[in-house]
Amino acid sequence: MGKTAEAIAEGVSIASAAARLAVRNHILVETIAHDTPFDVATTAPFAHDTLIALAEEQEAAAALAKRQRKKAWGKFTDPDGTHDYRDRDMRNLRKRHRQYVGVAKELRRIAEDPHAVRTLVEQSRDAAWGDVEANLQRRLRVEGMRPDLDPDYEKMRKARMQSLRLVDLPRLAAHRRHLADDAEPAEAVNGPPSPRASGIDLSELDA
């Protein structure tokens, strides 16, 4: 395999990973946020369109490289910047153009292959389910962790207590005032009452 072919293969691999990420996120949004049952057939069009969009990006990059090559032809002065190409850059720009075109062509081929699209959807589904499983396991570990079993408990306790005092308790106090509907105009000027005014004794939290 030549260097150009290797570069095209690497580009296709990177684009395929980006496509899997996009399809995975789509599956998570549809199944969790929108409560839509997962189905390969209904997800396949999104995967197809994602591959086509990535191919179009590569084609745009190829067109840019072509314009840059034409602009660089016959220029032998020192460049003014990173993308101010000269005649000596013609070979690299031509190589880039071939690589972009090759990646775009392969992505379009994959997009029109039902089996390849289905494989992409299934891989994305597995990644999505893996994320869900990892999040559930992490949540269960955190919520089920006892202080004596958490090696970082003492180290993080101060930060948790500060967050409780500065964020959670003032929010709770404001919520109680809203429910009681007894807020005074002065409170809007002076800010929310202290956590102790909300009926919670912080000394109990430091135990």
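Start with the aromatic rings: one aromatic pair turns up in this predicted model, counting Phe, Tyr and Trp rings (the six-membered one for Trp) whose centres lie within 6.5 Å. Residues are numbered from 1 along each chain as its sequence is written. Local features need pLDDT of at least 70 and side-chain atom pairs 80 or more, while totals for chains, interfaces and linings use all residues, and side-chain values use heavy atoms, without hydrogens and water.

Select Phe38 and Trp129. Their ring centres are 6.0 Å apart and the planes meet at 75°, so the pair is edge-to-face (planes over 60 degrees apart; under 30 is stacked, the rest tilted). Phe38 sits in the loop between α1 (3-33) and α2 (40-72), and Trp129 in helix α4 (residues 114-144), so the pair ties together parts 91 residues apart in sequence. Helices here are DSSP runs of H or I with at least four residues, numbered from the N terminus.

Now colour by accessibility. Phe38, at 24%, counts as partly exposed, and so does Trp129, at 36% (buried is under 20% relative accessible area, exposed over 50%, partly exposed in between, with a 1.4 Å probe and protein chains only).

Next, select α3 (residues 90-111). Its buried residues include Leu93, Val103, Leu107 and Ile110.

Keep Leu107 highlighted and show the largest nonpolar core, a set of 23 residues (buried Ala, Val, Leu, Ile, Met, Phe, Trp, Tyr and Cys joined through side-chain atoms within 4.5 Å). Ala47, Leu51, Leu107 and Leu120 touch the most other members. α1 gives the most to this core, with seven residues.

Finish on Leu51: beyond its neighbours within four places in sequence, its contacts (heavy atoms within 4.5 Å) are Ala19, Leu107, Ile110, Ala111, Val117 and Leu120.

Methods. Helix = DSSP H or I, 4+ residues; strand = E, 2+ residues; numbered from the N terminus.
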